[in-house]
Amino acid sequence: MTNLIGEYECRVDSKGRLLVPSGLRKQFSPKAEGKLFVKRGIESCLELYQKHDWESVSEKVSGLNQFVKKNRVFARKFISGATQLELDSVGRINLPKNLLEYAGVKKDLILFAYGNKIEVWDKVSYDSVLDMNDDDFAGLAEDVMGDINLEE
């Protein structure tokens, strides 16, 4: 599995072109063949996947039992807007306007890479999502990670 990491401040131009930072591109696998897939995120962001990671995720979603209504609804919503992108010779991708509008991205954005995906956030929205005081974060950390031993 891919293990991308990093937070990058970027800008998208009026044509929807985004220069993917070299520090992030260096983490891309040759298996991706310069191809990325973008889709609407579960929250008000976009999600970017390298080709091989998208194929794995898409296969899992496609494997859901389509005779179960909630699976069909989930699959439609999850795959909604999925578009293949290709890095150009200078490392840019062209993000579709309708997806940029969905995420509220006008110019300044954050690429937040973790695991097998990169979240694309409007900078103001991203800052707002992360706005949490230390006590609230400590409680969340305990709820989410309290039973996990990280030293194993």
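At 1% relative accessibility, Cys45 counts as buried, the term denoting under 20% relative accessible area, with exposed meaning over 50% and partly exposed in between (1.4 Å probe, protein chains only). The model is predicted, so that local features need pLDDT of at least 70 and side-chain atom pairs count only at pLDDT 80 or more, while totals for chains, interfaces and linings use all residues. Residues are numbered from 1 along each chain as its sequence is written, and side-chain values use heavy atoms, with hydrogens and water left out.

Cys10, at 10% relative accessibility, also counts as buried. The structure contains 0 disulfides, a disulfide being a pair of cysteine sulfur atoms within 2.5 Å. For Cys45, the nearest cysteine sulfur is that of Cys10, 15 Å away.

Helix H3 spans residues 69-79, and Asn71, Ala75 and Phe78 are buried in it; helices (H or I, at least four residues) and strands (E, at least two) are DSSP runs, numbered from the N terminus. Viewed down the axis of H3, the buried residues fall within an arc of 75° and therefore line one face of the helix, the arc being that of the directions from the helix axis to the C-beta atoms. Lys69, Lys70, Arg76 and Lys77 are exposed on the other side of H3. The cover over the buried residues includes strand S3 (35-40), strand S4 (46-50) and helix H2 (51-62), where contact means heavy atoms within 4.5 Å. After H3 comes Gly81, with a positive phi near 80°.
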